[in-house]
Amino acid sequence: MSWADSSPGMQAGKVPVNGHDPEENGTQYPKPKGQRMKVVVVGLGMVGIAFIEKLLKMDAKRREYDVVVIGEEPHLAYNRVGLTSFFQHRKAENLYLNPKDWYSGMPEGSLNYHLNTTVTDIHPKDKVVSTSTGETVPYDILVLATGSDALLPRHTPGHDAKGVFVYRTIEDLEKLIKYSETCKGSTGAVVGGGLLGLEAAKAMMDLESFGQVKLIERNRWVLSRQLDSDAGSMVVDLVSKLGLEVLLSKRVGKIEVDEDNAVKGVQFEDGERMDCKCLMFGIGIKARDELARRSEIKCADRGGGIVIDPNLKTSEDGIYAIGECASWESQTFGLIAPGIEMAEVLAFNMTQAKVHAPRKFKRPDLSTKLKLLGVEVASFGDFFADRDGPKDLPIKRHGAKKEVKEGAEERVKNITDGPPPPPVKALTYKDPFQAVYKKYLFTLDGKHLLGGMMIGDTKDYVKLVPMVKNQTALEVPPSQFILGAAKDGEDDANDLTDDTQVCSCHNVTKGDVTKAVKDGTCKSIGDVKSCTKAGTGCGGCMPLVQTIFNTEMKAQGSEVLNHLCPHFAYSRADLFNIIYVKKLKSFPEIMKECGKDQNSLGCEACKPAVGSILASLYNQHIIDKPLHGLQDTNDRFLANIQRNGTFSVIPRVAAGEITPEKLIVIGTVAKKYNLYCKITGGQRIDTFGAKKEDLIDIWTALVNAGMESGHAYAKSLRTVKSCVGTTWCRFGIGDSVGMAVRLEERYKSIRSPHKMKGGVSGCVRECAEAQNKDFGLIATEKGFNVFVGGNGGAKPRHSELLAKDVPPDDVIPILDRYLMFYIRTADKLQRTARWVEQLPGGIKYLRQVVLEDKLGIAAELEKQMNELVGTFFCEWTEAINDPTRRSHFKQFGNTEDTLSVVEPVDVRGQQHPAYWPKESVTEDFRGTKWSSLTWQPIIEAKHFADTPTGSSKNVKRGVTQLAVFKIQGKWYASQQMCPHKRTFALSEGLLGDDAKTDKLWVSCPFHKKNFTLNGDDAGKCSNDAEVNIAVFPVEEREDGWVYLKLPPIDELDARLGTSKWKVRTGETNGQFGKLDEKLKGMKGRKPFQDSHFKEGAGEVRAAQEITAGGNGGLIGKLKVGGAWKACWPEY
């Protein structure tokens, strides 16, 4: 959907935060009156007003221009294409393209107009124009939109007689109406069988003053510039049946007049004559270039018109020409569409080219679709490619065209047999009964549509035109364009088979889920998780599992509730709106206002959702006391937890653009802390293996070097991927890097229902893969196409076009509305892809909301997003600067000691943790018979926060790790290790409860195994009966310490010691043993750290030489061809 078409007159309002080029921060926008440039437009026709509209819209934020337009007619800009309707209402105002108050409603000083005024001279050196009123008007930029005059054959005798008219202006029609009253019942004639002539014939028939109307055409059929003989002849038959007599192959030789010099007849060049009292010429137009010629601006010698280059610039600096008065590559255009295109190109370049590649005016699309005398007529693309040869064949991507030199034999053959036929095949359909004609032209292989024409049935026009313009490769046989596709039955919307794996953690198939629902075993999504284990691993499959569950429940006629969890009888969207309207700011307030039990602790499902909503609304630091207990482990420590309990460190690299200095800093930090490094698909550098206790020091070094949190741990914007675009690429037409940086800077840190990813490509080659992102932009000559609702993952989805050809300045308001509408209305953990699919009406409805403001909330969405992005802060910077926040980053709450829980594996010069064992530990930890238990002081109570959402610490006793929890004044303790994968992280899990059963549990942050902490079932796992944990009595005493009732240390370590359950190398074999055997000895393979040079330093020594060299000159040498060459310049 075109941005211009979808949002007529939309103004984005104030300049959004970060909405402009950071390099322009010193420039004031909008510009004050004295600093604006003055644009003078000569001509208030359809093209002139189109330019003004587009310029004012694209300049709404910056206000760099004030416009003065001078029109020679007494009317405001009117619809010249719709002149025939004037005969019904006879009111010029009904044809106005904009009402009078539109002009006065523009911002003060931005638009002034003069009517009934002709510009008589241009003075380029002085930059002023003179007018017929004696005024002079200064300009900074002059735009000539003087249009054209209707052709009148002045060589034809009688051309100046009374009753001879042209069809061009309201004044022409008013004269015709007045004259027709003097010759009622007589014959009126129109000369010219093109578009203009047929329109004129319609006008003359609508007058109902003439007894008969005749059309005179010199060719063998009408519309010869748009249609072939078959199509044109069909139009002749159709209009003849409507009462228009058509005379073909006739040329007017003389206009006969009476003694009063009034028309009385026509003599044709073939000697025949006919009577008529009125004659209207519709034989074409002539560019109005006389003003430019007087001012010595270059004009075309043949055909006329003001000569312009692809930038619409004339031979004089600061003067441009657009519309029918302009001559581009020795052509003028009598259709409105090329003129509108020129207006858009010029307006774009004047306002948007600072942040986008300038547009060029190219070969225009001359496709037309009209209803002439009640007959539907259309031609599109290269509609005469079979007659004249194709103007532009689609370029094959694989291999360039081979130029074949024509030899003597071929030249002789061409002379004797004629040239070869054009490389085109035509598919024609003709139905004389329904008066339908279609001819479509294809490439010889039938893979591309080149153009065509249609009579009678033109409904496919809107679909076919973009296929031609975009040179889209066809996916169906050409015959289907006329006959339609054969229907083999209805499409199956449920495109996943029962054996499709939906949960890779537990190898659960779609059939497993549907069977459990169909046989009545599972009545809720929680039942599905317990029964099938789907979603109890990483949780990434839950949106898909939820969809399957919903589909099956609906198929059985059962009600599907999308409640957040058993603690809330609301969906996430409902809860968001309640919190927003009532301005609730804490979990206890929300539970009291919205929960089923106001004293409930919540659970691992609702706590992160509520935390996300609060962050989306208020953006407070997520590790502060009121919010910390709501966060999943990643958000708790501002980093993604990895398999061995360490974390990843990922600084933001906006748009993938990074300086050598920042690369050096990242590399130095990674080397110091032995971090595994990897470049991600999102174009940034991930470093893995950071210990919790090192995170503060690592981020201090990064923040000090100008970096900030990349929010890889959050359900928020991750990255906006980009290609290099016009920054470097020779094919780029848009500054994709610049746009991506601006978008990532704007939306960084905002929390959303799920993670979001963006992409910006600088051209249709789509190197940034923007069409599989939550939002993506692809540069076009007119701006950017905006795509939404795409993603990769378990169920990939191609994004859909939201808005087309959006100027760079308007991208931000569109995305503001889209993203905030998503944040407000999406379900828990729902990606934009599934959200768009489930919107009522899908992408069409989303366009109505975002582009057309169907719900009347667009301004509020923009305001809310502006407020949200205005609260930005770097979470790591704030954590480093605050002693309370820093205290969270320790492995143990009762000692500075550290323990390793997974052995490292050396691979390709780096280390990663050993692979998890395939089987869980199924020993009965819960039922362990200890020799004795005694109360032992373990940790001071002051380390625990007394918050409604709970507080926990990992403590060390001997070499055993234990988890201690405090919730609503009560204490609980258990082993730290989760037996599922031998991970040591239970203290980082979320606490949940069930008021009905009075159960309290902790959910392991790795795979959401829920272990009961109280009652008779303490130690049991509620969603995996194979595993369990040991629990211990715990209490706080008056001395300020927390005591645990524990066995002797040696007995505790023998049963639960970290060294016993540490994951070691060799427990699980690697995947690539057989493959590596096959690759041994393959040419080109070498040790990864070695150099291809025989005496090259290799990775390690070269890095050591660089870092050791400092600024001491040449710091590395390499022996090449027997001589030592310096390979590292001074750094």
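The following questions and answers concern a predicted model of one chain.

Residues are numbered from 1 along the chain as its sequence is written. In this predicted model local features need pLDDT of at least 70 and side-chain atom pairs count only at pLDDT 80 or more, while totals for chains, interfaces and linings use all residues; side-chain values use heavy atoms, with hydrogens and water left out.

Me: What percentage of the 1131 residues is buried?
Reply: Buried means under 20% relative accessible area, with a 1.4 Å probe and protein chains only. Of the 1131 residues in the chain, the buried share is 51%.

Me: How many residues are in the largest nonpolar core?
Reply: A nonpolar core is a set of buried Ala, Val, Leu, Ile, Met, Phe, Trp, Tyr and Cys residues joined through side-chain atoms within 4.5 Å. In the largest one, Trp-876, Phe-1032, Val-1042 and Leu-1044 touch the most other members. Another core, of 68 residues, lies apart from it and includes Leu-617 and Trp-1001. The largest core has 74 residues.

Me: Which residues does Gln-848 touch, not counting those up to four places away in sequence?
Reply: Gln-848 lies in helix α27, residues 842–850, where a helix is a DSSP run of H or I with at least four residues, numbered from the N terminus. Contact means heavy atoms within 4.5 Å. On that basis, the residues touched by Gln-848 are Asp-853 and Lys-854.

Me: What separates the C-alpha atoms of Gln-848 and Ala-555?
Reply: Gln-848 and Ala-555 are 293 residues apart along the chain. The C-alpha trace of the chain spans about 135 × 85 × 65 Å along its principal axes. The separation of the two C-alpha atoms is 30 Å.

Technical notes
Buried means under 20% relative accessible area, exposed over 50%, partly exposed in between (1.4 Å probe, protein chains only). Helices (H or I, at least four residues) and strands (E, at least two) are DSSP runs, numbered from the N terminus.
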